[in-house]
Amino acid sequence: MIRKAVSSQPKVRKRRGRFAETAHRLSKNIPAMCALCFVVLLIMSAVFAPYLAPYDYAKQDLTQKFVTPNLAHPLGTDNFGRDILSRLLFGGRISLLVSVMAVAMSVGGALIVGSAVGYFGGALDNIVMRILDVFMAIPGMLLTIVFSVALGTTLFDTALAIALTSIPALARQLRASTLLIRDQEYIEAAKSFGSSHWRIIWKHVIPNTLAPVIVQTSMRLGEAILAISGMSILGLGVQPPTPEWGNILASGQEYIRTYWPLITFPGILIGLAMLSFNLLGDGLRDAMDPRLKK
Amino acid sequence: MDTILEIKDLTIEYVTEEGTIHAVNHINLSIEEGKTVGLVGETGSGKTTTALGILNLVPSPPGQIVSGEILYHGEDLLKMSKGDIQLIRGADISMIFQDPMTALNPVHTVGAQIAEVVSLHQDCSKEEAWNRAEEMLELVGITRERSHEYPHQFSGGMKQRVVIAMALACNPTLLLADEPTTALDVTIQAQVLEMINELKNRLNTSMLLITHDLGIVAETCDNVAIMYAGEIVEYGTLEQMFTRTAHPYTLGLFESIPRLDTDTNRLRPIPGLMPDPANLPKGCAFQPRCPYAQEKCSKEKPLTRDLGEGHLVQCHFAKEIGIEKRRD
Amino acid sequence: MVKYIVKRVLLLIPIVLGAVILVFTINYFNDSSPAITILGAAATPEKIAVVEAELGLDRPYFVQLGEYLWNIITKLDFGKSYSYNVPCSELIASRFPVTAVLGLLGVIISVVIGVSLGILAAVKQYSIFDYGSTLLATVFSAVPNFWLAMMLMLVFSVKLRWFPVSGLSTWKGWILPLISISIGPISLFLRMTRSSILEVIRQDYVRTARAKGLPEHKVISHHVIKNGMIPVATVIGLFVGISMTGTIMIEKIFNISGLGLLMYGAINTNDFILLQGCVIVCAIIISGMTLITDITYAFIDPRIRAQYVNSGRKKRLKTKTIKGSEGERA
């Protein structure tokens, strides 16, 4: 009865396109909107870091070591007397860049593997799925470590290590959604027009798996930021003196007994970035498919 | 004859973000010992909510019982403490639900689910309860051996038998059967219905049978209440309903089912849809769809009138319509 | 049932072998030579070639892989550590217990606390407790455990001096590492349990249970919790993995000499063979844990049990994909 009343609502509401409808629903989700604002703020501060940063992030001043936050250095200075705020602003560039690269590679790879395997099925599907099973038998973090050790520590290598680790789970999920779409009638129809397989995948399968892909992209961005900083803690990933949130945090651990700002501020940023990407992902999932809402 | 259950002025609402849904509006209904009352109406007319209201099981939030009394042997079920009504549920008043597929817990054996209600309400050992459960299964035509099986091992009709066995396990005085056959195949429907009827007569149980199938009503009911948009628009004995139909909605229901005994060329369905229960029309709720509607109907809410011998109807022009209909 | 368990164990073997081959292969394509690790600063190209030949690294890929696999299967031998110059298996065996205890305690704590809070939150939906715990869970599931560990250390060890800064020598030393490992999984278990229980509470059979006259606490304990726990139980196995990898970071921060610290050392001394051994051991243990959860799962849910007992492969694969998606959501 309740459902009936609810379902009669949309008739009254003006009809909107799918995108506008999603945007409208998302705009009503307060946590997701806060998260979106924070993400935009992060991106802006990364883009405009050179203008926003009060100091050169690499400039050392050994007379100004471990200054607690004050007006000149709002977040204090590190063990080389470098301004922490400036380092975090530039570090955000690296953290975001690497995570965007990692997610782009993993989503791209997973899309190709997942939709092809799901669409063609058969022996290919079986073999690829068994290989992915093997990947997934190794905990993600350990696999990233192994890849990272083998590949090296440049920005691209770090991103690749993270991407390679996260492809299997994502590909598996996309395969599942492809399987659902594959047997739909419009795919049959497209085949009857003589469309090629790759054209069908590109035109019909991928657009229809877009909703989970967008949600996953947001979630994975958060995870990638966490993974990058985790690598830095273990001495892998982006190496100092290049600033990156994780390695700034790692450098602070040595001075935990005497100086708190160096571990506090980068951690807050990593946590907030992760929280924002998670909330945004949750919000997008609810907005794109209200039926999935828990 | 003793009145077992008396519903007085019951009103139930669901309060949601989109507005208040008036599911049940000021209904009165009574059930006598050993009798079957049919509660007939379309989907969404408030039948199930009424039944849940009797057991005080309306999901809350969003549901709330706004007003009214439900007297069971003279005691108001709605004023009872949680503990007291729990003693009545399943023992004195039990319910058969619409969908047997989901009404049983998939992780417990059917025997355990029946034995649970027995040992809850009757002072007996576990073995006795289990024995009783197996007896009940046999009563509904399932062999004892199957008591250790899980619901997914039964077909839909068999599951409904289990649900019935569970509902009757404690010899209830009142059975609320919420569309007990709707989810079943047509061939199974008749079997299950016949079984309910037979068991009910054997155990001298009263029954409130919720359905939208007038055929079932004609076969099983003593009295009939027609529900529309949360109101009982007509109430009477089976004979009164079928021979002296007075409410235009009831008339519409009869005309929209095919009949074999008269030579009807086409069905006459009721035009339009049931009004949104969140926003009911002023005056008579049926007036927008009523072929006999006049100006008065959209302004004034009709009161319930007695057409004689307890035949109650909620319509301004019931007498006129009744006469006209008989002339046809 | 025995047949099913045997079948599952047999199916595990190719996965574990695959994992060993995968890790070995990734490491094989590593550019830097372990000879440099062994020789240190004294490394010259000639010396490197000699050491590599001694280690058998100049042989073809398949020969090396075959030997590595053979040694693991027959002798549980993971090779000799480059930096410690002792068998990896000895090192791993000596460090493993600490990590295992930490990881298992972490899982037990997170399951017990997370699940009970999740049930409470679901049963008292819309209450302040529900809103509060859900909010905290959302926030804490985004807090990196290594940062949480540092902050806990900063506040409780450095400033308040309640707990030691490092090591597990006293019982107090265990508290902060365990909190750091558990907070994230607690949040996830809380959210998962809550949504699963809410899903079950809406089911018709719960209404049936109420209509039977069961008191609310019995409705919850007999008809809601068991059903609601099934999807949660399926991911406990995955959490053993998450918890164990979580300890790597935590061990590094609290300077606890377990497998994590051993791996950290291996990474920073380029002791690839040791790292490889550690990763493989972890993968084997985690696969085993997943297997145990799968079997337990089959015991809890009669529907799944029936599927496994009656027949074959198709149904098993079906449940596996369901499980997969659960895990990914986690």
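Author: Two strands pair if DSSP finds at least two bridges between them. The model at hand is predicted. In chain B, strand β6 (residues 93–96) and strand β7 (residues 174–178) are joined by four bridges and run parallel.

Reader: Which residue of β7(B) is the bridge partner of B:I93?

Author: B:I93 is bridged to B:L174.

Reader: Which way do the residues of β6(B) point?

Author: B:I93 and B:M95 point one way, while B:S94 and B:I96 point the other way. Both sets are buried.

Reader: How should I read the order of strands in an open sheet, and what is the order in chain B?

Author: Look at the order first, then at the ends. Four strands of chain B form an open sheet in the order β2-β1-β4-β5, with antiparallel pairing. The edges are β2 (19–32) and β5 (75–76); each has a single partner strand, so one side of each is left without a neighbour in the sheet.

Reader: Turning to helices, how many residues of helix α1 of chain B are buried?

Author: The cut-off for buried is under 20% relative accessible area. Helix α1 (residues 47–54) of chain B is mostly covered, with seven of its eight residues buried. The buried ones are B:K47, B:T49, B:T50, B:A51, B:L52, B:G53 and B:I54. Just after this helix, B:N56 takes a positive phi of about 55°.

Reader: What should I check for a charged residue such as B:R161, which is buried?

Author: B:R161 sits in helix α6 (residues 156–168) of chain B. B:R161 has no salt bridge, and the nearest side chain of opposite charge, B:E198, is 9.2 Å away. The side chain of B:R161 does reach the backbone oxygen of B:V140, at 2.8 Å. Leaving aside neighbours within four places in sequence, the contacts of B:R161 are B:V140, B:G141, B:I142, B:Q191 and B:M195.

Reader: Where are the nonpolar cores, and which residues have the most contacts inside the largest one?

Author: The largest nonpolar core has 130 residues, and A:I138 and A:I145 have the most contacts inside it. Helix α6 (residues 84–120) of chain A gives the largest share of this core, 12 residues. Another core, of 94 residues, lies apart from it, and B:F97, B:V117, B:V163 and B:A177 are among its members.

Reader: Which residues does A:I138 touch?

Author: Not counting residues up to four places away in sequence, A:I138 touches A:L143 in its own chain, and C:A19, C:L22, C:V23, C:V279 and C:A283 in chain C.

Reader: What does the secondary structure of chain C come to?

Author: Chain C has 14 helices and zero strands. The C-alpha trace of chain C spans about 85 × 60 × 30 Å along its principal axes. Of the 330 residues in chain C, 52% are buried. Among contacts between residues at least 6 apart in sequence, 70% join residues at least 24 apart.

Reader: Is C:S133 buried or exposed?

Author: C:S133 is buried, at a relative accessible area of 11%. C:S133 lies in helix α6 (residues 128–140) of chain C. C:S133 touches C:A121 and C:L190, residues up to four places away in sequence not being counted. C:S133 and C:L117 are 16 residues apart in sequence, and their C-alpha atoms are 7.8 Å apart.

Note on methods
Residues numbered from 1 in each chain as written. Chains lettered and ligands numbered in written order. Predicted model: local features only at pLDDT ≥ 70, side-chain atom pairs only at ≥ 80, totals over all residues. Heavy atoms only, no water. Helix = DSSP H or I, 4+ residues; strand = E, 2+ residues; numbered from the N terminus. Buried < 20%, exposed > 50% of the residue type's maximum accessible area, 1.4 Å probe, protein only. Lys, Arg positive; Asp, Glu negative; His and termini not counted. Salt bridge = Lys/Arg side-chain N within 4 Å of Asp/Glu carboxyl O. Polar contact = N/O pair within 3.5 Å; in protein donor to acceptor, adjacent residues only side chain to side chain. Contact = heavy atoms within 4.5 Å. Core = buried A, V, L, I, M, F, W, Y, C linked by side-chain atoms within 4.5 Å.
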